[in-house]
Protein chains: 2
Amino acid sequence: MTPNSSRFRVGVLGAGTVGAAFHALLEARADAIGAEMGLRPEISGVLTRSRGDFEDILERSDLIVELIGGTDPALEYALRTLRAKRHFVTANKQLLSRHGEELFAAAGEAGAQLRFEAAVAGVVPAIRVIAETLAGAHIERVHGIVNGTTNFILTAMERTGASYEEALREAQELGYAEADPTEDVTGRDAAAKMAILARLAFGAPVGLDDVPFEGIESVTAEDIAYARELGLSLKLIGSAERVDGGLSVQVYPAFLYSGHPLAAVNGSFNAVTIESPDITEITLSGPGAGGSQTASAVLGDVISAMIPPPFNSPPAKPMPLVTDRESAFYLHVEVADRPGVLAQVAEILGMQGVSLESLVQKGIGEDARLAMVMHPVLESRFRAAVGLIGRLDFVRSAPRVIRVISETFE
Amino acid sequence: MTPNSSRFRVGVLGAGTVGAAFHALLEARADAIGAEMGLRPEISGVLTRSRGDFEDILERSDLIVELIGGTDPALEYALRTLRAKRHFVTANKQLLSRHGEELFAAAGEAGAQLRFEAAVAGVVPAIRVIAETLAGAHIERVHGIVNGTTNFILTAMERTGASYEEALREAQELGYAEADPTEDVTGRDAAAKMAILARLAFGAPVGLDDVPFEGIESVTAEDIAYARELGLSLKLIGSAERVDGGLSVQVYPAFLYSGHPLAAVNGSFNAVTIESPDITEITLSGPGAGGSQTASAVLGDVISAMIPPPFNSPPAKPMPLVTDRESAFYLHVEVADRPGVLAQVAEILGMQGVSLESLVQKGIGEDARLAMVMHPVLESRFRAAVGLIGRLDFVRSAPRVIRVISETFE
């Protein structure tokens, strides 16, 4: 038995998939970590629904790992841990995106550490890179693919021509989507993650309710097929950036040109790009959350907490939230195939200051389909044009709109 | 004037491009860092060839930033800094890859920090992710593109069909290559960086002299054009991995299939992929070293050193270095265009256990060119086959060999 002074006692809340993976990983790596750090991490107790007492585990721990999920009782446990001047490591995006300010304040007052790498993008170390590598940098934008389930579904649709429903079913069968996929496919999971990233990158209070999100449920195989002809690939993008002294944080499906670094992120992978004038950009990518990935991210946080840097985020300063943004757009309309139709559509676009970058037109019986990509334009103006186009008598179904990300980097 | 207790005094050695960029960045960000960290970084002195005294600057500094380059007098300054229990931050890959063990030992004894993020891959935080995020993980492999100059040249050749000489000239005109590009184009710069990454990832003593390297000087526009037909793109790859209880660390040009994440890394960008069974992999990418990128990486290290974690690497344990590895290969041969030629080439390959994956054959007058991709095979066996093929009487010029990286990830 090693003496107390060289042990680092880790209490674990929750015993699901991630809990079990973390337990196994910690046991496998404890000796190597002890040899390297001079402190050997050990599990001091595990709290499950049916077993263990929180106060008792807290008493015997230097750090609490929370893997329960949700906010009740996770918030209560988090605050009690930090107030007892113990470190708190969590994989819980709900907790951070809803109660971040409370938790940062509690950690700051107690001088304890609050770490949450595993809450955001699986194994992708976005939190550490923003908080440490770029601690001295002015960050302009953080954007990326932060939900593995939706990326798996979109990749499958693109590769096989499958419908959304078929691809979702495949994802469920392979364990990439839950039986109830709502949280992922609506974009809500990604919105929580973007709130956390934005809070950290910009030091402004951004919570889950501040982030508008759109999901992928209404994406069709046809959208994807047309877009392919235009050299575009569809991703669910989370974006947080400074705009005119304010902040824009959003989640939406968007087409990317093939030269875009995020266009190559396929399957259940996540990727986050952080842009700052000092460094241009850093892109981080890796598998989205799986049990062993999340466990590894949690362990990285535990080891960092064994060494005491004051990682805690300073109090947030409010910044205005901007929602009307300039963007390029894809527009798909089914119209009667007769002369003058394209001219009328083009006229409406022109009147709203929207200019066309590329167009694919295909006849289908008596109708035609128009798939268009627009140059960047203020979203409100583009939506106004689409509203007018939707009311034209020759338009056969509701126009479909998807953002296009047109920058390429190198 | 802020009181001494809230200042963090940074002495700078060297006043070239990076030194000036670091100075400017520090001044611009000092107030924000002070507000966040409770310690305001300030330049306490600058040593140039003609100005300043090292001992005097050291005396007045909490940390020394070394941006001189080379090992003399950088090594002497590094050791004197660490022995004086001051932190040492450097962008100097020569220093680390030649004298790493000495420096790690000195830092460990003094309890001072040695940080060197900027020495490896520009702004890409490979060092921090290996040493911190993955501190608890067992790393199997680190590989990537760690030289921006050669990646710029190869990208230009691929996009424009330019020759190596033309692309190098363009890189020089645009400031991506030095007037004397030897260090970059021979692969030696990448070898130094891979030695540093391998030392850190595997805890084994790996120095610059342990890393065999090949460069890109003999790559032809023709190789690149043929490979394109096979769906391949050429990169200068640095690779460090565990093999049979030993370690293989190498730098070589290699073809990548378009699905490979590194295939999409273009222009002067760098990227590093770290693989571990716990996490699958993490890929980090961003611009290779430029003045402001390097300055930003140095500032990230300075801020981390303001908070005192014992980041120092434990003593290295030797591991055998493996050089004969299994790999897929591209082979290009010019032969007389007559019956039986392909059969003889195929027979030699078969006798050495080399099997063909794909083949492009083109006639040019009385000769023909064969471009082939082989399935993975032990390098020594493949080289033996190539030796025999080169001696066949119908072979018109020396066969050309390039490795092919055939894994795809998602």
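Me: How many residues of chain B are in contact with chain A, and how many of chain A with chain B?

Reply: This is a predicted model, and in it 42 residues of chain B are in contact with 42 residues of chain A. The elements that give two or more residues to chain B's side are α1 (17–37), α5 (126–133), β10 (280–287) and α11 (291–306) of chain B, and the largest share, eight residues, comes from β10(B).

Me: How many nonpolar, polar and charged residues are there on the side of chain B that touches chain A?

Reply: Sorted by class, that side of chain B has 22 nonpolar, 13 polar and seven charged residues.

Me: In which sense do β10 of chain A and β10(B) pair?

Reply: The general idea is that strands of a sheet pair through backbone hydrogen bonds, in either a parallel or an antiparallel way. Here strand β10 (residues 280–287) of chain A pairs with β10(B) in the antiparallel sense, over three bridges. To find the place in the structure, look for T283(A), whose bridge partner in β10(B) is S285(B).

Me: Which strands of chain A pair with β11(A)?

Reply: Strand β11 (residues 326–336) of chain A is joined by two bridges to strand β14 (residues 377–378) of chain A, and the two run antiparallel; within this pair, E326(A) has L378(A) as its bridge partner. β11(A) also pairs in the antiparallel sense with strand β15 (residues 400–405) of chain A, over five bridges, where A328(A) is partnered by V404(A). With strand β13 (residues 367–374) of chain A the antiparallel pairing of β11(A) extends over seven bridges, and there A336(A) stands opposite D367(A).

Me: What is the order of the strands in the open sheet of five strands in chain A, and which strands stand at the edges?

Reply: The order of this open sheet is β2-β1-β3-β4-β5 (chain A), and its pairing is parallel. β2 (40–47) and β5 (114–115) of chain A stand at the edges, because each has a single partner strand, so that one side of each is left without a neighbour in the sheet. Further in, strand β1 (residues 7–13) of chain A pairs with strand β3 (residues 63–66) of chain A in the parallel sense over four bridges, and L13(A) has E66(A) as its bridge partner in β3(A).

Me: Where does the helix α1(B) bend, and which of its residues are buried?

Reply: The general idea for a helix is that an α-helix has 3.6 residues a turn, so residues three or four places apart point the same way. In this structure the buried residues of α1(B) are V18(B), G19(B), A21(B), F22(B), L25(B), L26(B), R29(B) and I33(B). What covers these buried residues includes β1 (7–13), β2 (40–47), β3 (63–66) and α11 of chain B. The bend in α1(B), of about 50 degrees, lies at R29(B), and just after the helix G38(B) takes a positive phi of about 80 degrees.

Me: Is V251(A) buried or exposed?

Reply: V251(A), which is found in strand β8 (residues 246–257) of chain A, is buried, because 28 other C-beta atoms lie within 10 Å, and the cut-off for a buried residue is 20 or more. Leaving aside neighbours within four places in sequence, V251(A) is in contact with several residues, including G187(A), A190(A), M194(A), F213(A) and L236(A). By contrast, V251(A) and S292(A), which are 41 residues apart in sequence, are 27 Å apart in space, C-alpha to C-alpha.

Definitions and conventions
Residues numbered from 1 in each chain as written. Chains lettered and ligands numbered in written order. Predicted model: local features only at pLDDT ≥ 70, side-chain atom pairs only at ≥ 80, totals over all residues. Contact = placed C-beta atoms within 7 Å. Nonpolar A, V, L, I, M, F, W, Y, C, P; charged D, E, K, R; others polar. Pairing = 2+ DSSP bridges. Bend = angle between axes of the 7 residues up to and from the residue. Buried ≥ 20, exposed ≤ 12 C-beta atoms within 10 Å, placed from the backbone.
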